[in-house]
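Good morning, and thank you for making time for this.

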Amino acid sequence: MNIATSTELFCFLVLATVIVLGSLGVVLLSNIVYSAFLLGGVFMAVAGLYLLLNASFVAAAQVLVYVGAVNVLILFAIMLVNKREEMKPIQGIRLRRFLSGAVCAGLLLLLVRVVITTPWNLPGPEPIGEEATARIGEHLFTDYLLPFELASVLLLMAMIGAIVLARREVLTSDVGTGDAVTQGLIEQAQSPFLIDESST
Amino acid sequence: MIDSSSGLVPIQAYLLLAAILFCIGVWGLINSRNAVRVLMSIELMLNAVNINLMTFSSYLDGQLIRGQVFTVFVITVAAAEAAVGLAILLSLYRNRVTVDMERFNLLRW
């Protein structure tokens with residue numbers, strides 16, 4: 001065992017531990033803010049795994065998109081819907097958790113069996129390493145050109161859809177009385193369009 | 001540079017890690033009552049799939065790296081999904097004033 005392989009093994013073990021423990025924390029912790037920050041940690045560790053797998057471009061994209069955009073978006077959503085609410089206890093939650101845990105363990109067993117018993121065709125071709133970025137660019141503009149363009153259309157649709165879904169309807173008159181209402185939407189404590197069902 | 005084709009970490013280790021991550025994501029998706037946590041679980045599952053794609057790309061398809069291209073597309077779709085999902089969540093919260101998944105039963109009956 002030379003120093004390169006032992007370093008690789010050590011990095012993999014550390015990253016795998018961070019990923020498994022972090023994702024368990026994301027799922028199990030009761031405070032949702034801790035979950036969101038742990039999710040960022042898991043994304044960073046996955047980016048480290050990509051570096052181990054000779055993919056610097058995708059690792060950078062992972063950090064930029066997941067940690068920089070998706071995680072921040074989730075934190076903003078937590079901030080916007082941050083209301084301490086007592087979840088009503090529902091009956092049979094323990095049984096439900098146990099059953100779903102059994103199903104997930106079964107799925108894990110199935111996947112483990114597939115991974116271990118499959119005869120992988122190793123070693124494959126030599127990884128191209130640092131030329132991967134140029135190769136991804138060639139792929140995106142030759143044989144994957146149509147998915148690339150469709151992805152841009154998809155992003156545009158998602159952006160417009162998110163704006164339409166998340167914006168607040170601005171009405172100049174009250175729906176109930178017909179009086180003119182002020183437009184201070186954020187400061188307005190009780191908008192007429194908010195139907196509070198927690199009191200009913 | 002670390003050469004993974006002759007490296008010490010076997011391909012099974014990466015695949016097992018991805019399987020564990022995916023199962024944790026499925027469990028969280030089923031059992032979370034907070035809607036934001038459901039979205040986080042979906043992101044975990046997408047990351048597990050990405051690890052699989054990258055592993056196959058590096059170990060079995062080292063020259064063409066089609067797995068990396070697929071991962072880029074998956075990241076794109078995941079970003080779009082997160083944006084739309086959180087917008088739907090905000091809209092739901094505005095109407096229901098809760099994030100409890102058990103009370104989102106608009107389409108149930």
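I will begin with how the model was treated and then go through the pairs in turn.

This is a predicted model, in which local features need pLDDT of at least 70 and side-chain atom pairs count only at pLDDT 80 or more, while totals for chains, interfaces and linings use all residues. Residues are numbered from 1 along each chain as its sequence is written, chains are lettered from A and ligands numbered from 1 in the order in which they are written, and side-chain values use heavy atoms, with hydrogens and water left out.

In chain B, B:Asp100 pairs with B:Arg33, with the closest N and O atoms 2.8 Å apart. This pair links distant parts of the chain, 67 residues apart, since B:Arg33 sits in the loop between helix 1 (11-31) and helix 2 (35-59), and B:Asp100 in the segment after helix 3 (66-96); helices here are DSSP runs of H or I, at least four residues, numbered from the N terminus. Are these two residues buried or exposed? B:Asp100 is buried at 3% relative accessible area, and B:Arg33 is buried at 15%, where buried means under 20%, exposed over 50%, and partly exposed in between, with a 1.4 Å probe and protein chains only.

Also in chain B, B:Arg66 and B:Asp61 form a salt bridge at 3.1 Å, N to O; B:Arg66 is partly exposed at 38%, whereas B:Asp61 is buried at 14%.

Note on methods. Salt bridge = Lys/Arg side-chain N within 4 Å of Asp/Glu carboxyl O. Helix = DSSP H or I, 4+ residues; strand = E, 2+ residues; numbered from the N terminus.
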